[in-house]
Amino acid sequence: MRKIIVLNQKGGVGKTTTVANLGACLVELGRRVLLVDVDPQANLSLHFGHDMQRDEPSLYSLLRDEHSLEEVIRPTTVDGLRIIPSSPDMAGVSVEFAGRSDRLFVLRKVLQQVPTDLDYIVMDSPPSLGLLTVNAMCAAQEVFIPLQTEFFALQGVGKLLRTVRLVSQQANKPLRITGVIASMYDSRTCLAQEILSDIRKHFGSRVFKTLVRKNIRLAEAPGFGRPITQYDETCNGTADYRALAAEVLAMEAPAAQPWQPARAQALQTPASGPQTQEPEPQARTPETHRPGPEHEHRILRPFNGVDNVGPREQRFQNRSQGPGRPDERGGDAQCSAAASS
Ligand SMILES: Nc1ncnc2c1ncn2[C@@H]1O[C@H](COP(=O)(O)OP(=O)(O)O)[C@@H](O)[C@H]1O
Ligand SMILES: [Mg+2]
């Protein structure tokens, strides 16, 4: 069973969206998945239509031993995808559990009781590095970090890496960063391409090849209590999360994936020994952010396996046939034009 925490102390980077839709896509690929909403804001729970009231069975009452695992696990609209919902009471956990000697391991302990026939536990985390987040880090083996491909993407990542390292050294040795997800990618902007280069420079092969593009359908789906696959099967969001899930699955059999040796190695690394020191990423600053040759980057087809970022001629042809949704159009033309001007 793989236990993954989707982690970034910044809000709005795509953690919840990733947990919900990656989970649904893993189920499509035949895996049994349990999602755990560790965020008191309960966005993941709401995404699946669970608006928990105080005193209802939730992760909070599970952590307090008031309800059993069977009582708190809820179904979703996807067969095979279940969730332990959060509740507003979770906000008090940090204070409530502060005096407990096992305060870092309360979540790990309750998740040890989950049925062994599950393939994945995927945890959504709050936008902080507080006690709840550390509990989720102690219950996980793998960390996926979503990074928004925008100017401040790498700001704060140093602190995030230090925290993962600390937890790995002192509380949960197997914990490793095994995936970095470039989220809300907009191929039409030069900046997104530059930030993506920075992310790849720092994290190397741990960056998933799949880029999760900006797609308004992803923002709409939670309002319907469904993952993107059930909301709009044909949109980019569905294609991207399906591609991401396929990559995540491919990590299960590293030997069969010679094109991802570093990531496979991270998974195979024995649980002993402290994590090696990682250099901290250099965030772009206004001083270092200068238009450079990266402006000439072009996104080559196929894009996440979707054939909508074609040659320039084809894109112009498509545009002359009428407007599409901006986020559904291929488009590095503006960037290339900017570079050549
Ligand atoms: N790829 C995307 N394209 C467009 N909107 C997105 C995308 N990913 C997330 N969003 C939207 O951005 C907002 C923040 O995303 P969310 O997953 O809640 O971030 P976090 O959990 O890190 O705070 C939400 O409104 C969500 O619907
Ligand atoms: Mg969230």
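Student: Let's start with Met184: does it count as buried or exposed?
Tutor: This is a predicted model, so take what follows as computed from it. Met184 counts as buried, because it has 22 C-beta neighbours inside 10 Å and the cut-off for buried is 20 or more.
Student: Where is Met184 in the fold?
Tutor: Met184 sits in strand β7. Its phi is positive, about 50 degrees, although Met184 is not a glycine.
Student: Which other non-glycine residue has a positive phi, near 75 degrees?
Tutor: That would be Asp55. You'll find Asp55 in the loop between α2 (43-47) and α3 (59-63).
Student: And is Asp55 buried or exposed?
Tutor: Exposed: Asp55 has 11 other C-beta atoms within 10 Å, and a residue with 12 or fewer is called exposed.
Student: OK, switching to the sheet. What's the strand order?
Tutor: The sheet is open and has 8 strands, in the order β3-β4-β2-β5-β1-β6-β7-β8, with mixed pairing. At the edges are β3 (74-75) and β8 (207-213), each of which pairs on one side only.
Student: What packs on the sheet over by β8?
Tutor: Helix α12, residues 236-250, which touches β7 and β8. The direction of α12 makes about 165 degrees with that of β8.
Student: Which way do the β4 residues point?
Tutor: Leu81 and Ile83 point one way, while Arg82 and Ile84 point the other way. All four of these β4 residues are buried, Arg82 included.
Student: What about β2, how does it pair with β4?
Tutor: Parallel, over 4 bridges. Leu35 stands opposite Ile83 in that pairing. β2 (residues 33-37) is also joined to β5 (residues 120-124) by 5 bridges, again running parallel. There, Leu34 faces Ile121 in β5.
Student: New topic: the ligand. Which residues come nearest to ligand 1?
Tutor: Gly14, Lys15, Thr16, Thr17 and Ala219, out of 17 residues around ligand 1.
Student: Which elements give two or more residues to that shell?
Tutor: α1 (15-28), β7 (176-185) and α10 (216-220).
Student: Since α1 came up, how many of its residues are buried?
Tutor: 13 of 14, so α1 is mostly covered.
Student: How far apart are the end C-alpha atoms of α1?
Tutor: They are 20 Å apart, which agrees with the 20 Å that 14 residues should span at 1.5 Å a residue.
Student: What follows α1?
Tutor: Gly30, with a positive phi near 95 degrees.
Student: Last one: where is Glu96?
Tutor: Glu96 is in helix α5, residues 93-96. Glu96 is partly exposed, with 16 other C-beta atoms within 10 Å.
Student: How far is the C-alpha atom of Glu96 from that of Arg64?
Tutor: They are separated by 9.9 Å, with the two residues 32 apart along the chain.

Terms used
Residues numbered from 1 in each chain as written. Chains lettered and ligands numbered in written order. Predicted model: local features only at pLDDT ≥ 70, side-chain atom pairs only at ≥ 80, totals over all residues. Near = placed C-beta within 6 Å. Pairing = 2+ DSSP bridges. Contact = placed C-beta atoms within 7 Å. Axes fitted to C-alpha atoms, helices over the stretch in contact; angles between N-to-C directions. Expected span 1.5 Å × (residues − 1).
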